[in-house]
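Morning, everyone. I have one structure to walk through today.

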Amino acid sequence: MIAIAAFTVRQLIRQRFVIAAVLVTVVLAALTDWGFYALRNAHGPNGRPISQLELKATASILVILVAYLFSFILAAAATLVASPMLSSEIDSGVLLPVLARPISRPAIVLGKAVGMSLVVVAYAAFASSLEFSLVRLATGYSPPHPAAAVCALATLVLVMLALTLALATRLTMIASSIVAFLCFGVAWVAGIVASLGPIYHNESLIRAGVISQLLLPTDAMWRTVAYFLEPALVLSRAQAGLWSGPFLVAAPPPISMQIWTGLWIVVIVGIAMRSFATRDV
Amino acid sequence: MTLRVERGVVFGFLGPNGAGKTTAVKLLLGLARPTHGTGRVLGGPLGDRKSRRRIGYLPELFRYPEWLTGREVLEFHSALAVLPHADRKREIDTALDLVGLVDRAGHRVATYSKGMQQRLGLAVALLGRPELIFLDEPTSALDPIGRRDVREILADLRARNTTVFLNSHLLTEVEKVCNRVAIVQRGRIVADGPLHQLVGSERGLRIRATCDGVPLRDVLERFGEVEDEPNGALVRGLAHDHVPDVVAALVTAGARVYSIEPIVQTLEERFLETMDAK
């Protein structure tokens with residue numbers, strides 16, 4: 001398993017996934033930071049320069065928006081990294097001599113899952129740290145719980161990796177990528193629909209949201225990220241019901257949802273291991 | 001399909017496209033699971049991990065990670081094969097030397113020709129001196145020099161008592177290296193046995209000679225069934241130890257003998273005959 005995990009890490013580095021991701025992230029962070037610098041010189045409606053409080057409040061909302069964009073990029077990256085790992089390697093024949101070695105198929109799936117997780121989570125931590133540091137440099141604002149937000153973001157990525165890997169044990173690369181990303185999109189829409197439940201006091205909408213979060217906990221993880229990025233000022237507005245939406249949450253999903261997400265990842269990786277062990281190649 | 005391959009045999013597994021050769025290899029390696037039936041490889045059940053430690057495999061569809069060098073591919077496989085750390089470098093060097101890839105070992109697989117990739121696949125299969133090696137069409141991408149090298153490697157394996165399970169369409173190759181052969185058609189074994197038994201059933205002599213006095217047929221008829229040919233005759237049903245008698249009879253009859261060629265049925269002829277019969 002360790003040999004496969006080490007091989008997967010090396011594969012992602014040597015196939016220039018890491019360098020490409022780092023370069024794109026640096027460019028993206030530089031562009032957003034340019035915007036944050038511009039914000040410092042912005043003016044309010046009456047023409048006066050914005051206050052430090054307004055600057056930090058605006059920066060906090062923008063950081064959540066950037067994190068939201070970033071969660072999409074990470075979900076897509078996880079899908080595109082995980083889908084060829086099994087399906088393409090089976091189709092091309094690269095895995096045949098590997099499977100003939102004295103290594104179990106579940107160990108191969110687990111090794112690939114661990115290797116990909118290490119790379120993608122490290123990338124998420126690097127990109128988040130870079131963005132947070134640049135925002136701080138530009139505006140003096142730091143999110144209240146950056147480490148916890150990065151952990152939740154990494155968990156979201158692990159959910160997508162596990163889902164795509166499980167699909168890739170049976171589907172082609174393109175099919176597994178499309179299905180995984182469709183599931184992500186459906187969970188995202190379900191999360192928005194569910195957030196309307198409390199506003200309209202509609203139990204069915206709330207229930208639909210909970211069910212979708214249980215089936216694919218990406219939206220729950222995003223809400224956890226958003227919660228940890230909200231400063232007290234924004235959080236109080238959200239809790240007062242003044243602002244709402246997918247970018248502002250009044251409370252994080254319950255701890256049971258965090259536990260469920262961890263279990264979900266373990267179960268889905270287990271299903272991927274079982275699925276790969278029982279297929280012909 | 002019922003098949004038994006003894007240890008130390010270089011076994012040729014022949015059959016037309018779609019006969020089930022590659023499927024049989026995949027079943028024996030545990031890459032595919034049988035719908036019914038059982039099998040044992042090196043004393044273990046099909047796909048047994050302990051047995052797989054002692055097995056090498058070159059697939060028909062050979063592809064190796066293009067971003068690795070040839071040596072790195074072998075390092076990866078020596079880790080998967082759980083070779084002792086102390087032996088890995090030596091084993092890798094030996095395998096590279098055997099397949100003639102020492103000079104290109106440090107280059108990325110992406111730069112390899114198809115033939116070089118097949119040589120690398122052969123090195124992967126030979127790594128760690130396995131007791132049993134499955135080679136699925138090992139010379140399909142090789143030039144004549146590569147094919148000769150593979151023949152020499154197989155001869156060496158045979159000398160070392162390594163069991164080789166060789167799938168191949170190239171019957172002349174199989175004939176040169178295998179000591180046992182089975183022919184499979186539509187998933188069934190239709191011929192199986194030592195090579196000399198399968199190809200030695202039809203014997204005879206092709207004689208190029210002229211005889212002014214007596215017709216050649218009259219001289220040769222007592223040795224077997226005679227067919228007239230331009231510049232000579234073909235005598236069927238003749239054991240090779242009767243060749244001196246035939247020569248003596250021809251010389252006594254005043255014939256001028258240019259050549260006498262013993263005729264043995266080739267594997268290709270036997271293969272085609274078996275296919276036609278079915």
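Predicted model: local features only at pLDDT ≥ 70, side-chain atom pairs only at ≥ 80, totals over all residues.

Now step back into the helix itself. Is helix 3 of chain B, residues 70–80, enclosed or open? Of its 11 residues, 9 are buried, so this helix is largely enclosed by the rest of the structure. The buried ones include B:V73, B:L74, B:F76 and B:L80. B:R71, B:E72 and B:H77 are on that list too.

What do they pack against? Within chain B, the partners are helix 4 (85–99) and helix 5 (114–126). From chain A, helix 1 and helix 4 join in.

That brings us to the contact between the chains. Chain A puts in 19 residues, and chain B puts in 24. On the chain A side, helix 1 (2–14) and helix 4 (96–99) each supply at least two residues. By class, that side of chain A has 11 nonpolar, 5 polar and 3 charged residues.

Next, the core. A general point before the numbers. In soluble globular proteins, nonpolar side chains tend to be buried together. Here, the largest nonpolar core has 148 residues. Among those with the most contacts inside it are A:V120, A:V157, A:L161 and B:A123. Helix 6 of chain A, residues 146–168, gives the largest share, 18 residues. Apart from this core lies another, of 13 residues, including B:A209, B:V219, B:A233 and B:L250.

Zoom in on A:V157. Which residues does A:V157 contact, leaving aside neighbours within four places in sequence? They are A:L74, A:A78, A:V120, A:V121 and A:A124.

Back to backbone angles, with two residues in loops of chain B. B:E137 is not a glycine, yet it has a positive phi of about 50°. B:E137 lies between strand 5 (132–136) and helix 6 (144–159).

B:N231 is in the loop between strand 10 (225–229) and strand 11 (232–236). B:N231 has 11 C-beta neighbours inside 10 Å, so it counts as exposed.

Last, confidence. Chain A has a mean pLDDT of 89, and 98% of its residues reach 70 or more. Among the elements of chain A, helix 11 (residues 255–277) has the highest mean, 96. Helix 10 (residues 232–239) has the lowest, 78.

Note on methods
Residues numbered from 1 in each chain as written. Chains lettered and ligands numbered in written order. Core = buried A, V, L, I, M, F, W, Y, C linked by C-beta atoms within 7 Å. Buried ≥ 20, exposed ≤ 12 C-beta atoms within 10 Å, placed from the backbone. Helix = DSSP H or I, 4+ residues; strand = E, 2+ residues; numbered from the N terminus. Contact = placed C-beta atoms within 7 Å. Nonpolar A, V, L, I, M, F, W, Y, C, P; charged D, E, K, R; others polar. pLDDT = per-residue confidence, 0-100.
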